[in-house]
Amino acid sequence: MAKIKNIHFNNFRNFTNYKLSFEEKLNIFFGKNGCGKTNILEGISLNSKGRGIRNSNISNLIKKKENNFLIKNNLEIKNNSFDIEIFSENKNDKLKKIIRVNEDSSKESIDILNKFISYLIFVPEMERLFQASPSYRRNFIDRLIFSSKNNYNSLINKYKKFLLERIKILQKNVIDDHWLNKIERDISSLGLEIYQLRHSQINFINNNLNILKKDHDFQFNLKLQIKDQFFNENLSFEEYLSYLIKSRNHDSQFGGTKIGPHRSDIIAIINNDFEASLLSTGQQKTIVLMILLAQCNYLVCYKNINPILLLDEIGSHLDSNNRQILLDMINRFEIQFFLTGTDKDLFSFVSTNAQFYNITEA
């Protein structure tokens with residue numbers, strides 16, 4: 001899979017002209033808040049589909065008083081070198097992110113890049129994952145699915161588009177029954193696929209946690225579940241479609257679709273006893289790291305995918321349990337890591353050779 005060898009920022013976030021070269025294994029950025037550590041991770045994450053780890057508007061990526069940004073990377077993919085350029089471009093008064101691979105921006109070149117680059121991400125907000133909104137937890141699981149299925153975002157976007165279209169039709173004075181029937185069939189098909197992919201993803205996490213228990217003394221026994229009054233493993237297309245049709249009056253009145261994967265929640269049961277929402281911030285971080293470790297094991301051992309890990313402000317709340325999980329991740333897998341923290345001493349427990357970067361440009 002891909003490893004990032006270097007990066008060059010031009011008018012990106014707080015960087016005017018900033019270059020870094022990276023180690024193949026472990027790269028740790030430290031410095032005071034606001035120096036640009038997260039911006040580096042964001043720039044790295046822009047190599048794939050979407051708007052990076054912050055999901056920012058393109059205009060916010062451009063340094064103040066400048067017109068465009070440019071990021072240059074050199075990636076190694078299966079012993080082949082690729083020069084990647086990511087930049088903003090104004091098309092029809094709208095800023096867009098453009099990616100060019102070896103000076104080629106064709107769909108075929110971008111598809112090759114998306115095929116071989118996969119990210120797993122930790123951001124500080126995940127320390128409250130199980131106290132956040134259900135949509136945040138859905139997005140968390142969806143990112144894990146995306147790490148092995150790079151067309152998954154398209155599936156989600158199509159589903160959301162059809163939900164909006166259905167409500168528009170239902171709230172018109174004259175309803176086009178033919179078009180409504182087609183939209184509801186599409187929603188049922190896509191919704192069922194999303195349900196099944198999330199269900200499979202959660203099973204992968206649970207199964208790999210059980211595998212890792214053999215040589216890892218986890219603080220908690222963890223089991224993820226989908227919480228959804230409508231979904232069950234045997235849900236059929238016909239049942240889904242029938243329920244959509246029956247709920248037309250309700251959905252028209254309240255302006256939403258009351259069933260489907262956009263209504264699901266993801267919960268974590270701890271020690272077969274209580275939900276993870278009752279845990280402290282540091283303990284919830286342990287749960288997230290356990291999930292990321294299990295996902296790494298699944299990707300590397302069962303999907304032949306070597307993800308790149310971007311772990312932002314991972315240095316805080318690193319008790320002995322969290323350090324153990326992070327060290328296991330680093331030592332177990334031959335993958336590339338990018339970590340950030342406010343102080344170099346936060347990473348003194350790392351025994352593997354690491355490249356440290358003192359980020360000072362603000």
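The model is a predicted one. Good places to begin are the open sheet of five strands and the largest pocket, with about 1,300 Å³ of space.

**The sheet**
- Its five strands pair in parallel, in the order 7-11-12-3-13.
- Strand 7 (119–122) and strand 13 (355–358) each have a single partner strand, so one side of each is left without a neighbour in the sheet.
- On average, neighbouring strands of this sheet are turned by 15° against each other, direction ignored.
- Strand 3 (residues 26–30) runs parallel to strand 13, and four bridges join them; Ile28 has Phe356 of strand 13 as its bridge partner.

**Helices on the sheet**
- Helix 1 (residues 37–45) packs on the sheet, where it touches strand 3, strand 7, strand 11 (308–311) and strand 12 (337–341). The direction of helix 1 makes about 155° with that of strand 12.
- Helix 10 (residues 320–332) lies across strand 3, strand 11 and strand 12, at about 150° to strand 12.

**The largest pocket**
- Helix 4 supplies the largest share of the lining, seven residues.
- The lining has 18 nonpolar, 15 polar and 12 charged residues.

**The second largest pocket**
- The volume here is about 250 Å³.
- Among the lining residues are Lys49, Ile98, Asp111 and Asn150.
- Strand 6 (94–101) and helix 3 each give two or more residues to this lining, and helix 3 gives the most, with four.
- By class, the lining of the second largest pocket divides into three nonpolar, five polar and four charged residues.

Terms used:
Residues are numbered from 1 along each chain as its sequence is written. This is a predicted model: local features need pLDDT of at least 70, side-chain atom pairs count only at pLDDT 80 or more; totals for chains, interfaces and linings use all residues. Side-chain values use heavy atoms; hydrogens and water are left out. Two strands pair if DSSP finds at least two bridges between them. Axes are lines fitted to C-alpha atoms, for helices over the stretch in contact, and angles run from 0 to 180 degrees between N-to-C directions. Contact means heavy atoms within 4.5 Å. On a 1 Å grid over the protein atoms alone, a cavity is a set of points where a 1.4 Å probe fits but cannot get out, and a pocket is an open set with protein on both sides within 12 Å along at least five of seven lines; lining residues have an atom within 4 Å of a point. Grid points are joined across faces, edges and corners, and a volume is the space filled by probe spheres set on the points. Ala, Val, Leu, Ile, Met, Phe, Trp, Tyr, Cys and Pro count as nonpolar, Asp, Glu, Lys and Arg as charged, and the others, Gly among them, as polar.
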